Amino acid sequence: MLISSAAALLSLSLATPAAAQNCWNGAAVKAAKVRDLQTLLMVGALQCRSTQYDVLGHYNRFVRTHRTTISAHNDVLKTHFVRAGKARDYDRFTTAMANGHSAGAANPEFCKETAALAEQVASLGRAEVEAIADRMFVSPKGVGRTCS
């Protein structure tokens, strides 16, 4: 009886980490929000090239200024997908974000608003960029169940 109870406890302890790996922890959610912001700006830079709004210049400045932040958050996202055993889903996740923002580019105000946002975040510090991403993207596309 003691052996079967110990075996049951061991199997539960081995199953729990696997189940927990499929949820989104706070760092992964934060990383998804920053990635969503970066993706929105990237889509704006591409979609608004032939408009009067300089999204590309501000986006490039944002990327240069926040390269370390963007890279660190992308590493957190990649680690999340690897731990969940779904490393290939990272590309699907980022593509879905880009596609969602591309659909929003049909809005006549998209380029104007995106240029203003890109200009704003290009001159901010890391904490401010993360705070803006947190407010803008409450539930980033593709983020599932969060861990408690």
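**Ground rules.** I am working on a predicted model, where local features need pLDDT of at least 70, side-chain atom pairs count only at pLDDT 80 or more, and totals for chains, interfaces and linings use all residues. Numbering runs from 1 along each chain as its sequence is written, and side-chain values use heavy atoms, with hydrogens and water left out.

**Entry: helix α6.** I looked up α6 first. It covers residues 110-122, 13 residues in total. (Helices here are DSSP runs of H or I, at least four residues, and strands are runs of E, at least two, numbered from the N terminus.) From first C-alpha to last I get 18 Å, close to the 18 Å expected at 1.5 Å a residue; the expected span is 1.5 Å times one less than the number of residues.

Which residues of α6 are buried? My list reads F110, C111, T114, A115, L117, A118, V121 and A122. (Buried is under 20% relative accessible area, exposed over 50%, partly exposed in between, with a 1.4 Å probe and protein chains only.) They sit on the same side of α6, because they cover an arc of only 165° around the axis. That arc is taken from the directions from the helix axis to the C-beta atoms.

What do these buried residues pack against? I found α2 (26-47), α3 (55-65), α5 (89-104) and α7 (126-136), with contact meaning heavy atoms within 4.5 Å.

**Entry: disulfides.** I took a pair of cysteine sulfur atoms within 2.5 Å as a disulfide, and the count came to 2.

C23 is joined to C147, S to S 1.7 Å. The torsion about this S-S bond is about 90°, so I logged the disulfide as right-handed. C23 is in the loop between α1 (2-21) and α2, and C147 in the segment after α7, so the pair ties together parts that are 124 residues apart in sequence. I have C23 as buried at 5% relative accessibility, while C147 is partly exposed at 30%.

The other disulfide joins C48 to C111, S to S 2.0 Å. Its torsion is -90°, a left-handed link. C48 lies in the loop between α2 and α3 and C111 in helix α6, so this pair ties together parts that are 63 residues apart in sequence. C48 is buried at 2% relative accessibility, and C111 is buried too, at 12%.

**Entry: pattern.** Counting bonded cysteines along the chain, I noted 1-4, 2-3.
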